[in-house]
Amino acid sequence: MPDARPRHVVLTGPTSGIGLEAARALAAAGARLTLVGRDEARLSALGAELGSADRVVADLSSLEQTRQAAAAIRDRHDRIDVLINNAGGMFRQRTETAEGIESTLALNHLSPFVLTAELLPLLRAAADGAPESEARIVNVASSAHRSSVHWDDIALEHGYSLMRAYGQSKALMVMTTAELARRLDGSGVMANSMHPGVVRTGIVQKSGHGLIGSLIVLVGYAVLDRPKRGGSHLVHLALSREVAGVSGAYWNKRRVEEPSEEARDRANQERAWALSERLAGMTASG
């Protein structure tokens with residue numbers, strides 16, 4: 001499937017956890033990297049470690065900064081082979097961004113939704129490069145998507161919890177990825193969501209999730225996957241010839257799996273798409 005030139009991969013959230021391990025593995029595989037993250041010093045250090053990588057500094061919880069990051073990438077590049085939406089977070093207390101959006105929803109779902117829409121022209125350009133070419137969108141979701149979407153209280157103003165917010169954001173991501181794949185059918189751009197496994201990362205620690213976070217750190221590390229393994233699953237979906245032509249699927253590590261009943265309902269997918277466009281202030285796209 002791939003042609004001889006290095007694959008250009010845009011990766012968000014590359015400075016820790018599976019994102020960091022994926023960045024290292026992608027570089028080792030010869031990919032040309034654009035790294036998007038909010039910590040300029042850590043991005044620079046990673047770029048130095050990898051030898052060369054384009055870097056874009058942006059706080060992806062801000063849709064304005066997400067759009068600015070996309071504009072910077074479009075200014076520097078004319079094509080993207082792979083977009084990996086990996087950045088995400090969990091928040092113990094309910095907060096809102098400066099744009100008035102619940103923070104988990106903004107960072108975990110709306111930001112990748114907007115970034116993908118803004119970079120679609122570059123993905124389409126890569127897919128048009130040769131008859132065998134395809135471009136790929138990989139959205140890092142979670143098995144937590146199996147919790148329900150609170151359609152009548154998307155902002156979770158009532159009964160907020162860390163896991164309710166996180167699960168809902170990932171459910172919306174799974175739904176809109178399936179809808180995006182339908183919209184891109186025949187374009188040569190593939191879109192898939194994936195659960196990378198339950199991985200030893202700092203996401204729960206950083207959330208400040210009190211006793212639960214402490215228990216995960218103290219006990220869970222004995223049974224959770226290492227970030228390197230989770231990152232390898234991500235790279236497999238991004239680059240492997242074995243998944244060429246697969247689009248609209250939900251992956252659990254390296255196998256296709258049925259998502260939740262709610263997430264695989266087409267009406268819900270279309271509803272999630274329309275809702276995401278409205279919350280992000282977007283017109284029809286895809």
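# A walk through the predicted model

Of the 286 residues of the protein, 55% count as buried, where buried means under 20% relative accessible area, exposed means over 50%, and partly exposed lies in between (1.4 Å probe, protein chains only). This is a predicted model, in which local features need pLDDT of at least 70 and side-chain atom pairs count only at pLDDT 80 or more, while totals for chains, interfaces and linings use all residues. Residues are numbered from 1 along each chain as its sequence is written, and side-chain values use heavy atoms, with hydrogens and water left out.

## The whole chain

Start with a cartoon view. The protein holds nine helices and eight strands; these are DSSP runs numbered from the N terminus, with helices being H or I of at least four residues and strands E of at least two. Contact is the next term to know: heavy atoms within 4.5 Å. Among contacts between residues at least 6 apart in sequence, 73% join residues at least 24 apart.

## Stop 1: helix 1 and helix 2

Select residues 17-28 for helix 1 and residues 40-50 for helix 2. Two packed helices are described by the angle between their axes and the distance between the axes. Here the axes come within 10 Å and cross at roughly 30°; the axes are lines fitted to C-alpha atoms, for helices over the stretch in contact, and angles run from 0 to 180 degrees between N-to-C directions. Helix 1 and helix 2 are therefore roughly parallel to each other, since angles under 35 degrees count as roughly parallel, over 145 as roughly antiparallel, 65 to 115 as roughly perpendicular and the rest as oblique. The crossing is right-handed, a term used if the near helix is turned clockwise from the far one by less than a right angle, with anticlockwise being left-handed.

Which residues of the two helices meet? Show Leu-20, Ala-23, Arg-24 and Ala-27 in helix 1, and you will find them meeting Leu-46, Glu-49 and Leu-50 in helix 2.

Stay on helix 1 for a moment. Its buried residues include Ile-18, Gly-19, Leu-20 and Glu-21. Helix 1 has 12 residues and reaches 17 Å from its first C-alpha to its last, close to the 16 Å expected at 1.5 Å a residue; the expected span is 1.5 Å times one less than the number of residues. After helix 1 comes Gly-30, with a positive phi near 90°.

## Stop 2

Now select residues 63-76, which form helix 3. Its 14 residues should span 20 Å at 1.5 Å a residue, and the end C-alpha atoms are 20 Å apart, which agrees. Colour Leu-63, Thr-66, Ala-69, Ala-70, Ala-72 and Ile-73: these are the buried residues of helix 3. The elements that cover them include strand 1 (8-12), strand 2 (32-37), strand 3 (54-57), helix 4 (103-127) and helix 9 (266-280).

Next, zoom in on Ser-62, in the loop between strand 3 and helix 3. Is Ser-62 buried or exposed? With a relative accessible area of 15%, Ser-62 is buried. A side-chain oxygen of Ser-62 reaches to within 3.3 Å of the backbone nitrogen of Glu-64 at the start of helix 3. The Ser-62 side chain also reaches the backbone nitrogen of Gln-65, at 3.0 Å.

## Stop 3: Thr-97

Move to the loop between strand 4 (82-85) and helix 4, where Thr-97 sits. Thr-97 has a relative accessible area of 13% and is buried. Leaving out residues up to four places away in sequence, Thr-97 touches Ser-61, Ser-103 and Ala-106.

## Stop 4: Thr-177

Thr-177 is in helix 5. At 2% relative accessibility, Thr-177 counts as buried. Beyond its neighbours within four places in sequence, Thr-177 is in contact with Asn-139, Ala-191, Asn-192 and Ser-193. Draw a line from the C-alpha of Thr-177 to that of Trp-273: the two residues are 96 apart along the chain, and these atoms are separated by 8.9 Å.

## Stop 5: two positive phi angles

Which loop holds Leu-156? Look between strand 5 (135-140) and helix 5 (162-183). Leu-156 has a positive phi of about 50° although it is not a glycine, and at 0% relative accessibility Leu-156 counts as buried.

Finish at Lys-253, in the loop between strand 7 (250-252) and strand 8 (255-256). Lys-253 is not a glycine, yet its phi is positive, about 60°. Its relative accessible area is 30%, so Lys-253 is partly exposed.

Note on methods: Polar contact = N/O pair within 3.5 Å; in protein donor to acceptor, adjacent residues only side chain to side chain.
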